[in-house]
Amino acid sequence: MKTATPEVAANTLLCLVNQASYLLHRQLERLERDFVEQGGFTERLYAVRSKKRVSDPSDESDKSDAKKSPICPKCGKSMRLRTARQGPRAGSRFWGCAAYPECKGVRPADSTSEQPT
């Protein structure tokens, strides 16, 4: 079995480190270029999901568009579905004005619940 001299072994290791560094640098450049051209992972997921919704309107996996938000009885702006965080109705859902805190208009989330205070 033949062994290399320390100088040859060190030179070989330096060459390998240099090659690995070069390849990693090229990979990072490519990933950066792909990110700029195609966007990040989340953006690509959103694009695929949006395309699916457009091509298949019968897709009911996303129920967010199923109900239109009601109009605020005080200011006429749209309302958002919210959840009470504290008080006697903590955890219950209600419609709150999108202009909150300027407008404090509320509506019950469904016809059987009472209007929160």
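**Notebook: fold, sheet and core**

I began with the order of elements: from the N terminus the chain runs α-α-β-β-β, with helices (H or I, at least four residues) and strands (E, at least two) taken as DSSP runs numbered from the N terminus. I noted that this is a predicted model, where local features need pLDDT of at least 70, side-chain atom pairs count only at pLDDT 80 or more, and totals for chains, interfaces and linings use all residues. Residues are numbered from 1 along each chain as its sequence is written, and side-chain values use heavy atoms, leaving out hydrogens and water.

Next I looked up the sheet. It is open, with three strands in the order β1-β2-β3 and antiparallel pairing; two strands pair if DSSP finds at least two bridges between them. β1 (79–83) and β3 (106–108) are at the edges with a single partner strand each, so one side of each has no neighbour in the sheet. I found three bridges between β2 (residues 93–97) and β3. Tryptophan 95 has arginine 107 in β3 as its bridge partner.

Then I turned to the core. Which residues form the largest nonpolar core? I listed six: Cys72, Met79, Trp95, Cys97, Ala99 and Cys103. Such a core is a set of buried Ala, Val, Leu, Ile, Met, Phe, Trp, Tyr and Cys residues joined through side-chain atoms within 4.5 Å; buried means under 20% relative accessible area (1.4 Å probe, protein chains only). Beyond its neighbours within four places in sequence, cysteine 103 is in contact (heavy atoms within 4.5 Å) with Cys72, Lys74, Cys75 and Cys97.

Last, I checked the chain as a whole: 13% of its 117 residues are buried.

Conventions:
Buried means under 20% relative accessible area, exposed over 50%, partly exposed in between (1.4 Å probe, protein chains only).
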